[in-house]
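I opened this notebook to keep track of what I looked up, in the order in which I looked. The model comes first, and my entries come after it.

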Amino acid sequence: MEEKIISIISNHCPNVQSINMYSDLFYDLGISSLKMISLITDIEKELEITVDFREFHDVHTVNDLILYCKGLHK
């Protein structure tokens, strides 16, 4: 799952040289709120999950995103 999510993030951040578990989605990777919606849509399709954006306010890093998605993936 981690590899899939990092791959999806990479597709949305083609100018970023390095993505690691501690990369901040907004500051390090430059993901805007509009890009975030597109990123989440792609993750939902790939992992067959549904993200509740109301619960998403504590997701800041790649690791946060992975842990959040793991919690939804059964």
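**Ground rules.** I note first that this is a predicted model, in which local features need pLDDT of at least 70 and side-chain atom pairs count only at pLDDT 80 or more, while totals for chains, interfaces and linings use all residues. Residues are numbered from 1 along each chain as its sequence is written, and side-chain values use heavy atoms, with hydrogens and water left out.

**Confidence.** I looked up pLDDT, the predictor's confidence in each residue on a scale from 0 to 100, and found that the protein averages 91, with 97% of the residues scoring at least 70.

**Overall build.** I find three helices and zero strands, where helices are DSSP runs (H or I) of at least four residues and strands are runs (E) of at least two, numbered from the N terminus. From the N terminus on, the order is α-α-α. The radius of gyration is 11 Å, close to the 11 Å that the globule rule gives for 74 residues, so the protein is as compact as a globular protein of that length; the radius is taken over C-alpha atoms, and the rule is 2.2 Å times the number of residues to the power 0.38. The C-alpha trace spans about 30 × 25 × 20 Å along its principal axes.

**Burial and contacts.** I counted a residue as buried under 20% relative accessible area, as exposed over 50% and as partly exposed in between, using a 1.4 Å probe and protein chains only. Of the 74 residues, 36% are buried. Taking contact to mean heavy atoms within 4.5 Å, I note that residues 24 or more positions apart account for 56% of the contacts with a separation of 6 or more.

**The core.** Which residues touch the most other members of the largest nonpolar core? They are Ile9, Leu25, Ile43 and Leu65, out of 22 residues; such a core is a set of buried Ala, Val, Leu, Ile, Met, Phe, Trp, Tyr and Cys residues joined through side-chain atoms within 4.5 Å. Helix H1 (2-12), helix H2 (33-47) and helix H3 (62-72) each give two or more residues to this core. Beyond its neighbours within four places in sequence, Ile9 is in contact with Ile19, Leu25, Leu29, Leu39, Val62 and Leu65.

**Helix H1.** I find Ile5, Ile8, Ile9 and His12 buried in H1. Seen down the axis, these residues fall within an arc of 100 degrees, so they line one face of the helix; the arc is that of the directions from the helix axis to the C-beta atoms. On the other side of H1, Glu3 and Asn11 are exposed. The cover over the buried residues of H1 includes H2 and H3.

**Helix H3.** The buried residues here are Val62, Leu65, Ile66, Tyr68 and Cys69. Their arc around the axis is only 165 degrees, which puts them on the same side of H3. They pack against H1 and H2.

**Two single residues.** I then looked at Glu48, found in the loop between H2 and H3, where phi is near 55 degrees, a positive value in a residue other than glycine. Glu48 is exposed too, with a relative accessible area of 72%.
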